[in-house]
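Okay, thanks everyone, let's get going.

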Amino acid sequence: MSLQAKHPNAVTICYVNTSAAVKALCDYCCTSANALKIVQNILLNHKDKEIIFIPDKYLAQYVSAQVKHDFIIWEGYCPTHAKILPENIMQTKKLHPKAVVIAHPECRPEVTTLADVVTSTEGMSKYVRKAPETEFIISTEIGIIHRMKKKILTKFFIR
């Protein structure tokens with residue numbers, strides 16, 4: 001029996017990286033950049049509505065905490081973000097105490113709690129371009145750091 005069958009009145013939200021077959025069964029599809037806004041808009045009109053959020057439990061936990069509304073959460077996660085541990089952040093922060101810690105919302109809650117900024121990958125690029133600081137600990141996929149280094153030459157990025 002599916003989650004939706006057990007919670008027929010729930011709003012279902014899936015993350016953009018789900019299959020087309022899963023997306024077809026959901027009410028909303030979101031990215032890490034717009035997940036919070038989508039949930040806020042749903043709750044604006046339906047404060048007591050159950051929300052099923054799939055497949056990333058860490059993104060779901062982050063958004064749930066921001067809106068202070070419990071979700072029904074699927075136990076999936078991004079293996080890349082799950083490998084980023086709080087001890088990694090704390091160790092890097094000791095070596096670079098002035099660095100701003102930026103984490104992707106798909107990171108574990110123990111990591112997002114340590115972050116100065118929690119935002120999507122595109123949000124990270126926008127933030128560092130405008131920030132007066134020059135040193136950043138980036139907690140997401142390594143490819144983003146490579147892209148930032150090529151586009152933003154005046155700043156220093158650490159993973």
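Let's start with a salt bridge: R147 pairs with E122, and their closest N and O atoms are 3.7 Å apart. By salt bridge I mean a side-chain nitrogen of Lys or Arg within 4 Å of a carboxyl oxygen of Asp or Glu. This one ties together distant parts of the chain, with R147 in helix 9 (residues 142–151) and E122 in helix 8 (residues 121–130), 25 residues apart. R147 is partly exposed at 32% relative accessible area, and E122 is partly exposed too, at 39%. For those words, buried is under 20% relative accessible area, exposed is over 50%, and partly exposed is in between, with a 1.4 Å probe and protein chains only.

Quick housekeeping. This is a predicted model, where local features need pLDDT of at least 70 and side-chain atom pairs count only at pLDDT 80 or more, while totals for chains, interfaces and linings use all residues. Residues are numbered from 1 along each chain as its sequence is written, and side-chain values use heavy atoms, leaving out hydrogens and water. Helices (H or I, at least four residues) and strands (E, at least two) are DSSP runs, numbered from the N terminus.

E75 is exposed, at 56% relative accessible area, whereas K57 counts as buried at 15%.

Angles run from 0 to 180 degrees between N-to-C directions, with axes fitted to C-alpha atoms, for helices over the stretch in contact.

There's another open sheet of 4 strands, in the order 6-5-7-8, again with parallel pairing. Its edge strands are strand 6 (117–118) and strand 8 (156–158), each pairing on one side only. Strand 7 (residues 135–139) joins strand 8 through 3 bridges, and F136 stands opposite F157 in strand 8. Helix 6 packs on this sheet, touching strands 5, 7 and 8, and makes about 170° with strand 7.

Last stop, H104. Is H104 buried or exposed? Buried, with a relative accessible area of 2%. You'll find H104 in the loop between strand 5 (100–103) and helix 7 (109–112). Its side chain makes a 3.3 Å polar contact with that of S32; that's a pair of N or O atoms within 3.5 Å, where within protein one must be able to donate a hydrogen and the other to accept it, and residues adjacent in sequence count only if both atoms are side-chain atoms. Not counting residues up to four places away in sequence, H104 touches a whole list of residues, including Y15, H81, M124 and T140, contact meaning heavy atoms within 4.5 Å.

Technical notes:
Two strands pair if DSSP finds at least two bridges between them.
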